[in-house]
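Okay, thanks for coming, everyone.

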Amino acid sequence: MKTETTSVRKFRSANIHIYGKCNYHCEHCFDRCLTKNYMRPADWVDTLTFLKEYGVEKINLAGGEPTLYPFLDQMCYLVKGMGFKLSIVSNGSLMTEDWMKRMEGVVDWIGLSIDSVDEEDEILIGRGRGGHLENIVDVAHMAHRHGIKVKLNITVVRKSWMKDFTAFIEKVNPDRVKCFRALTLKNANDDVPDTWSITDEQFADFRRRHEDIGNIVFEDNEDMVSSYVMFDPMGRWMIDSGYEKRFISFEVVRREGLDKEVDVEKYFGRNAVYDW
């Protein structure tokens, strides 16, 4: 990829959390604070237009669980119709063959989330009541059959940092793997006792065990904070600087720009731009 000078670097991707509800209850989730209200696709046009004019190329639809959003298909058509690459970040539990068929040529990427390669861990964490890992493999293969690329999102938590994910990753056969270190944010997931965070040494150990896997990237807590462009279900700008979640109106973003609160150097530093 061509090296760019800092002066011309701009954020190329943005996350739109279209719906705050989820059918899972993951203990470490820092989006459980999101409003359960939502906007219709037409209400997102101003935001998407602003992002397009700024230079954003890819939109990630996230949640909560975006497949619960009642206008998901229409939102996908809108985003794709405006010329963006389109990604959906999901737990995969509600994705079907029929939906994948409808989304051929519309959805470019699906990000599927796990925390462990042990189903008992996933149940204890709150990621379903069983069968999550098997379903992730099935959904990934389904996506590939319909020409949709797969990103496997691994949140490394206290129950899983010492485990080897290699065999499971091979089953999923993803186009990209991202390993996050479980993050705690004030006003987001600090309302319950922390049962998920790991030490620097534990994350480093996990990284050493998996760094030879192809198309894998690792994202520590400090890499994550202040490096994402995010909007909540009501179109507010979501900020996580200072390890604290805050919400700012879209009008402030439009007036003052995206890099007022988000660090463009950290954005590029965590390999946010790749061959999508």
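This is a predicted model: local features need pLDDT of at least 70, side-chain atom pairs count only at pLDDT 80 or more; totals for chains, interfaces and linings use all residues.

Does the size fit a compact globule, or does it disagree? For 276 residues, you'd expect a compact globule to have a radius of gyration near 19 Å, and this chain has 18 Å, which agrees.

Buried residues make up 54% of those 276 residues. The accessible surface comes to about 12200 Å², and 48% of that belongs to carbon and sulfur atoms. Now take the contacts between residues at least 6 apart in sequence: 75% of them join residues at least 24 apart.

Okay, rings. A pair of aromatic rings is described by the distance of the centres and the angle of the planes. The count here comes to 13 aromatic pairs. Take tyrosine 19 and tyrosine 69: their ring centres are 6.3 Å apart and the planes sit at 55°, so we call that pair tilted. Where are these two in the chain? Tyrosine 19 is in the loop between β1 (13–17) and α1 (45–54), while tyrosine 69 is in the loop between β2 (58–62) and α2 (72–81), so the pair links distant parts of the chain, 50 residues apart. Are they buried or exposed? Tyrosine 19 counts as buried, at 8% relative accessibility, and tyrosine 69 is buried as well, at 3%.

Tyrosine 69 has another partner, tyrosine 38. That pair is edge-to-face, with 5.8 Å centre to centre and 90° between the planes. Tyrosine 38 lies in the loop between β1 and α1, and tyrosine 69 in the loop between β2 and α2, so the pair ties together parts that are 31 residues apart in sequence. Tyrosine 38, though, counts as partly exposed, at 34% relative accessibility.

There's also an aromatic cluster, formed by Phe11, Tyr54, Tyr267 and Phe268. One of its members, tyrosine 54, has the charged end of lysine 10 sitting over its ring, 5.2 Å from the centre. You'll find another lysine over a ring at phenylalanine 84: there, the charged end of lysine 52 is 4.9 Å from the ring centre.

Cysteine 76 is in no disulfide either, and its nearest cysteine sulfur, that of cysteine 22, is 17 Å away. Cysteine 76 is buried, with a relative accessible area of 0%.

Which residues does a cis peptide bond join? Glycine 63 and glycine 64, with omega about 15°. Glycine 64 is found in the loop between β2 and α2, and that loop is also where tyrosine 69 lies.

Then there are two asparagines to look at. Asparagine 187 isn't a glycine, yet it has a positive phi of about 70°. You'll find asparagine 187 in the loop between β6 (176–181) and α7 (200–210), and at 41% relative accessibility it counts as partly exposed. Asparagine 271 also has a positive phi, near 60°. This one lies in the segment after α10 (264–269), and asparagine 271 is partly exposed, with a relative accessible area of 41%.

Last stop, valine 137. It lies in helix α5, residues 132–145. Valine 137 is buried, at 13% relative accessible area, and the cut-off for buried is under 20%. What does valine 137 touch, leaving aside its neighbours within four places in sequence? Phe168, Lys171 and Val172. And if you compare valine 137 with proline 174, they're 37 residues apart in sequence and 9.6 Å apart in space, C-alpha to C-alpha.

Terms used
Residues are numbered from 1 along each chain as its sequence is written. Side-chain values use heavy atoms; hydrogens and water are left out. Rings of Phe, Tyr and Trp (its six-membered ring) pair if their centres lie within 6.5 Å; planes under 30 degrees apart count as stacked, over 60 as edge-to-face and the rest as tilted. Helices (H or I, at least four residues) and strands (E, at least two) are DSSP runs, numbered from the N terminus. Buried means under 20% relative accessible area, exposed over 50%, partly exposed in between (1.4 Å probe, protein chains only). A charge sits over a ring if NZ of Lys or CZ of Arg is within 6 Å of the ring centre and within 35 degrees of the ring normal. The radius of gyration is taken over C-alpha atoms; the globule rule is 2.2 Å times the number of residues to the power 0.38. Contact means heavy atoms within 4.5 Å. Accessible areas come from the Shrake-Rupley method with a 1.4 Å probe; for residues, only the protein chains shown count as cover. A disulfide is a pair of cysteine sulfur atoms within 2.5 Å.
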